[in-house]
Every structure is written in C-alpha cells, then in structure tokens.
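Have a look at the fold first, then we'll walk through the packing.

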Amino acid sequence: MSSYDAYNRAIKSTASPRDVEYRLLGQVTSALMKAQQRMTDARTKPTVMAEVMDALNWNNQVWDTFVQDVGTEGNMLPRELRAAIVSLGIWVSRETNLVTSGEGDIEALISVNKAIMRGLNPGRAEQEEKAESASPSAPNPSLSASLDSF
C-alpha cells in the first residue's frame, strides 16, 4: 500500500482531514527537529545518519502525498491554494536534496511545516510553539504527543 493510500484511508476513518494533516505534520516535524539536533553526530555515526535520512525522506514523502492529493480530481481546495501547495512540495523536495548534500538547512523544512500547521490549527500550533520556546532544549511534549497518537 502506498503512503498516499494510507493517508487517504486515515482521513476517511478518523478525525477531520485538517486534524489528520496537523498530526502528521507534527510527527514529521518532531522527527526533523530530532534529526536537526543530531546532525553533528550524523557526520561520524552511520546509524545516526540513517535516522536523519529517515526523517528527511519521511518529510519528503508527506509533501509528495500532499501534492498528489491536491492534484486529484474533486479536490475541494481553491485552485490558488492547490498551486501553492504544489509549489511548496517542489521546494521541499529541492531543499531536502540540498540538506542531504550538506548545503541546505533542516530548520527551513521545520519552519515550513510549522507554518502549515499554524494554518491548519492556529490555536493548537500557538500553544505548541509556546511550550517549545519555554524549553527549547527539551523535546516539545505536544509534538511528541502528536507523534505517539498517530
């Protein structure tokens, strides 16, 4: 089963699509944040590099799925928003390639995901960002909870 099929099935059988997308972005963003913290070790430890690459690939797959979804017939989003999502998906793919080659910045990928999360659920995103800024060295418990609940 493709990631797109799993995404579609999850949307149909659980919470609203916005909630599912929010949780999914929370999970992948949490993985990217962990990967960002471990980038220094990744250069010398193959197992850590594999974890970083897994997070980057997962984020790329999520965005590929979003792009595929907005391109399906019957997608109800406004055309301008669908085009913006496709543009972001292309950018995520390019930035991911730059990060894997040592030229990009995981922080940029994290920032885009957080911006989309704010658009999907502004109140919840604000609460999670406040929790994160209160303890920047500790993992965000809300994002971790999103990771565990999906």
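A word on axes before we start: they are lines fitted to C-alpha atoms, for helices over the stretch in contact, and angles run from 0 to 180 degrees between N-to-C directions. This is a predicted model, where local features need pLDDT of at least 70 and side-chain atom pairs count only at pLDDT 80 or more, while totals for chains, interfaces and linings use all residues. Residues are numbered from 1 along each chain as its sequence is written, and side-chain values use heavy atoms, with hydrogens and water left out.

**The α4/α6 crossing**

- The axes of helix α4 (residues 46-70) and α6 come within 12 Å and cross at roughly 40 degrees.
- That makes α4 oblique to α6 (under 35 degrees is roughly parallel, over 145 roughly antiparallel, 65 to 115 roughly perpendicular, and the rest oblique).
- On the α4 side, the contact (heavy atoms within 4.5 Å) is made by Val-52, Leu-56, Asn-59 and Trp-63.
- From α6, the residues making it are Ile-106, Leu-109, Val-112, Asn-113 and Ile-116.

**Helix α6 itself**

- Helix α6 covers residues 106-120, and its 15 residues reach 21 Å from first C-alpha to last, close to the 21 Å expected at 1.5 Å a residue (the expected span is 1.5 Å times one less than the number of residues).
- Buried residues in α6 (under 20% relative accessible area, with a 1.4 Å probe and protein chains only) include Ile-106, Leu-109, Asn-113 and Leu-120.

**Over to Val-20**

- Val-20 sits in helix α2 (residues 17-37).
- Val-20 is buried, at a relative accessible area of 1%.
- Val-20 and Leu-120 are 100 residues apart in sequence, with 9.8 Å between their C-alpha atoms.

Notes: Helices (H or I, at least four residues) and strands (E, at least two) are DSSP runs, numbered from the N terminus. Buried means under 20% relative accessible area, exposed over 50%, partly exposed in between (1.4 Å probe, protein chains only).
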